[in-house]
Amino acid sequence: MSYEKVEQAKATVIGAKQTSRAIEFGKISEVVVARDADARLTGKIISLCQDKGLPVHYVDSMRRLGKACGIDVGAAVVGLKV
């Protein structure tokens, strides 16, 4: 479900740094996190989403998440823009 949501999104932010920055500026409506990503990396994003009240969706594979974003490498975190 979330892979399709990422593929159909009009605009996304890929990566932990860019996503956390966009969350801080209020430009993200929801976040997709890969379960196989490093917990130190995703933990900060998840807690930031909880603080801001943003929904967090989980997918199994970084590689498939990256592919859904149209990139050739894995993606740990993707933010869907408002």
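# Helix packing and buried positions in a predicted model

V77 lies in strand β4. The model is predicted, so local features need pLDDT of at least 70 and side-chain atom pairs count only at pLDDT 80 or more, while totals for chains, interfaces and linings use all residues. Residues are numbered from 1 along each chain as its sequence is written, and side-chain values use heavy atoms, with hydrogens and water left out. Helices (H or I, at least four residues) and strands (E, at least two) are DSSP runs, numbered from the N terminus.

- V77 counts as buried, at 0% relative accessibility; buried means under 20% relative accessible area, exposed over 50%, and partly exposed in between (1.4 Å probe, protein chains only).
- Not counting residues up to four places away in sequence, V77 touches V13, I14, G15, A16, T19, V31, V32, T42 and I45, where contact means heavy atoms within 4.5 Å.
- V77 and G66 are eleven residues apart in sequence, and their C-alpha atoms are 9.1 Å apart in space.

- A76 lies in the loop between α4 and β4.
- The relative accessible area of A76 is 10%, so A76 is buried.
- Residues up to four places away in sequence aside, A76 touches V32, V33, A34, A37, L41, T42, M62 and L65.
- From C-alpha to C-alpha, A76 and I14 are 8.2 Å apart in space, and they are 62 residues apart in sequence.

**Helices α2 and α3**

- Helix α2 (residues 16-24) packs with helix α3 (residues 39-52) at an angle of about 15°, and their axes are 10 Å apart.
- That angle makes α2 roughly parallel to α3.
- Axes are lines fitted to C-alpha atoms, for helices over the stretch in contact, and angles run from 0 to 180 degrees between N-to-C directions.
- Angles under 35 degrees count as roughly parallel, over 145 as roughly antiparallel, 65 to 115 as roughly perpendicular and the rest as oblique.
- A16, S20, I23 and E24 in α2 meet L41, I45, L48, C49 and K52 in α3.
- The residues of this contact of α2 with α3 divide into six nonpolar, one polar and two charged.
- Ala, Val, Leu, Ile, Met, Phe, Trp, Tyr, Cys and Pro count as nonpolar, Asp, Glu, Lys and Arg as charged, and the others, Gly among them, as polar.
- L48 lies in helix α3 and is buried, with a relative accessible area of 14%.
- Leaving aside neighbours within four places in sequence, L48 is in contact with S20, I23 and E24.
- L48 and S20 are 28 residues apart along the chain, and their C-alpha atoms are separated by 7.6 Å.

**The buried face of α2**

- The buried residues in α2 are A16, T19, A22 and I23.
- Seen down the axis of α2, these buried residues fall within an arc of 135°, so they line one face of the helix.
- The arc is that of the directions from the helix axis to the C-beta atoms.
- What covers the buried residues of α2 includes β1, β2, α3 and β4.
- After α2 comes G26, whose phi is positive, near 75°.

- In helix α4 (residues 62-69), L65, G66, A68 and C69 are buried.
- Viewed down the axis of α4, its buried residues fall within an arc of 160°, so they line one face of the helix.
- Cover for the buried residues of α4 includes α1 (2-8), β1 (12-14), β2 (28-34), β3 (56-59) and β4 (77-81).
- On the face of α4 turned away from its buried side are the exposed residues R63 and K67.

**K5 in helix α1**

- K5 lies in helix α1 and is partly exposed, with a relative accessible area of 28%.
- K5 is in contact with E30, H57 and L80, leaving aside its neighbours within four places in sequence.
- K5 and L80 are 75 residues apart along the chain, with their C-alpha atoms separated by 8.9 Å.
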